[in-house]
Amino acid sequence: MKNLITLLVCFCLGSAIHAQSTYEDSTKLESTIQWLEDRLTYNYYNESDDEWWINRFTFNDESETITIKNIASPHLESVSDKTYLQLNFRLEELNPFTIQIQKNNSNAGRLVKGKVIRVGAYDKSIKRVKNGRLSTNQSFIYISIPAFLEDSLENYSQNIALKLEDAIKLSTKIYNKGTPENNKVLKEMLFGQFTDESGAKWSIQKVFENTYEIRSSNNETLTGLYFLTIGDSIQLNSITAESSSYQTLQLTNDSDLTFSNGTVSIQFISWNEFLWTSEGKNTLLIRDWTADSSLSDD
């Protein structure tokens, strides 16, 4: 796991405050991954299929990806008649806001009685390999937590889910790199659709060089129109049904990527969430999730 810190190095800033913050987050991410590797390495038995399953969760130094490997065999130490299922992905491809813990009352392949943790991805980016052959990519991962683990260790699946959420958010966290022009991550993340706590939709698209249109709507009714231009500072043109304004937002923090003028503040937290504050009201925007949430495992 010696290269794990490189997951966050790309966001580095030269200041001592930022360097310390990045180092602390990198160290926390490394320890979180190690915790997950330890807790997600176990063997279990599917009594309905008369099969033993091996579950492995591994971070790969060279590719900086996660591999979840499930191996089935008629006997735990069998060297033949094995079935291999392997999922490969990057942490940043997972959506931490879709983590679910579902109760499972039946046995079906690697999914046995106990709990199932489901985590969605932002696209069909999960590479699936079965018995050495690459199959269709999928937009989710499942982790089977057998009943004996749930019974023997309190909150086992809940703790796994919380650690997964921590790891994903740490791997996608955004840091201040100096000036808006140097913070190229903004230009890479400002696209697509976001949703706030009320269910309102915020759609973002690039309309000119360094300029982005942001539309907020509720039940398909336009509630706000904004134009955000990235330069030496952020220029924000706000148009609502009641009024319009033109404001300049400056970087306000040595570590976090936050722009503010005292009235309006935009904090870019990660690749998939940012906090918009206006007139004392906080609106947390989360990249929209549209994948099918049904439970299936082919």
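Let me begin with strand S17, residues 264-270, which is joined to S18 by six bridges, the two running antiparallel. Strands here are DSSP runs of E of at least two residues, numbered from the N terminus, and two strands pair if DSSP finds at least two bridges between them. Before I continue, please note that this is a predicted model, in which local features need pLDDT of at least 70 and side-chain atom pairs count only at pLDDT 80 or more, while totals for chains, interfaces and linings use all residues. Residues are numbered from 1 along each chain as its sequence is written, and side-chain values use heavy atoms, with hydrogens and water left out.

Within this pairing, Ser265 stands opposite Thr277 of S18. S17 and S18 form a hairpin, with two residues between them.

I turn now to the largest pocket, which holds about 700 Å³ of space. A pocket is an open set of points on a 1 Å grid over the protein atoms alone, where a 1.4 Å probe fits, with protein on both sides within 12 Å along at least five of seven lines; lining residues have an atom within 4 Å of a point. The volume is the space filled by probe spheres set on the points, which are joined across faces, edges and corners. Of the 27 lining residues, Trp202, Tyr226, Thr240, Trp276 and Ser278 are the closest to the centre. S18 and S19 are among the elements that give two or more residues to this lining.

Finally, the aromatic rings. The whole structure contains nine aromatic pairs, counted when ring centres of Phe, Tyr or Trp (its six-membered ring) lie within 6.5 Å; planes under 30 degrees apart are stacked, over 60 edge-to-face, and the rest tilted. Tyr45 and Trp52 form a tilted pair, 5.1 Å centre to centre with 45° between the planes. Phe259 and Phe268 form an edge-to-face pair at 6.1 Å and 80°, and both are buried, that is, under 20% relative accessible area (1.4 Å probe, protein chains only).

Conventions:
Helices (H or I, at least four residues) and strands (E, at least two) are DSSP runs, numbered from the N terminus. Buried means under 20% relative accessible area, exposed over 50%, partly exposed in between (1.4 Å probe, protein chains only).
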